[in-house]
Amino acid sequence: MWIVKIDESGECSFMQWLLMALVFLGGIGVAVQASVNGGLGQKIGVFEGAFVSFLVGTVTLFLVMLFFGRGNLLQVFQVPKWQLLGGLMGAFFVSIMVISVPRIGAGAAIFTVVSAQLIASSLIDHFGWLGVKQIPLDGQRIIALLLMIIAITLYTKS
């Protein structure tokens, strides 16, 4: 299975490469965010740091939405309520990172987060939860997930 979709000519489109580059930059941003938020939380408090992080993000997204948004914000009242849990999960994630990064380091925290994301998303795919396409776990994927768990153990071993 290819990570990047290849067109009929065997080439990846510019837009696909651009999106992959932006995702890569987003990953760098998550690592930087963890370190920044960890330091902020040590200075002003765990939940205060998480709150300030979300407040700055909320103001930023509000401005982006004002200038570039094309959707209908009022449709939020029509979506299934479970789809609103993303904000709650984001607050939990940022709070946990503010607590853990100063204690275990950004590398160990991000490595563990990425592994947990891959394990959870593999289960979501396998069972077709949350309306996603069902993609069964096979032996190769299970071995890859087990190797990630071993890698976390090796990476975080003191």
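## Exercises on a predicted helical model

The buried residues of H1 are Ala34, Asn37, Gly38 and Gly41; buried means under 20% relative accessible area. This is a predicted model, where local features need pLDDT of at least 70. Residues are numbered from 1 along each chain as its sequence is written.

**Exercise 1.** Find what the buried residues of H1 pack against.

*Solution.* Start with the helix. Next, take its buried residues. They pack against helix H2 (46–68), H3 and H4, with contact meaning heavy atoms within 4.5 Å.

**Exercise 2.** Compare the span of H1 with the expected one.

*Solution.* The expected span is 1.5 Å times one less than the number of residues. H1 has 31 residues, so 45 Å is expected. From first C-alpha to last, H1 reaches 43 Å, close to that value. Glycine 45 follows H1, with a positive phi near 115°.

**Exercise 3.** Describe the backbone and exposure of leucine 130.

*Solution.* Locate leucine 130 in the loop between H4 and helix H5 (139–156). Read its phi: positive, about 60°, although leucine 130 is not a glycine. Most residues other than glycine have a negative phi. Then check exposure. Leucine 130 has a relative accessible area of 57%; exposed means over 50% (1.4 Å probe, protein chains only). Therefore leucine 130 counts as exposed.

Terms used: This is a predicted model: local features need pLDDT of at least 70, side-chain atom pairs count only at pLDDT 80 or more; totals for chains, interfaces and linings use all residues. Side-chain values use heavy atoms; hydrogens and water are left out. Helices (H or I, at least four residues) and strands (E, at least two) are DSSP runs, numbered from the N terminus.
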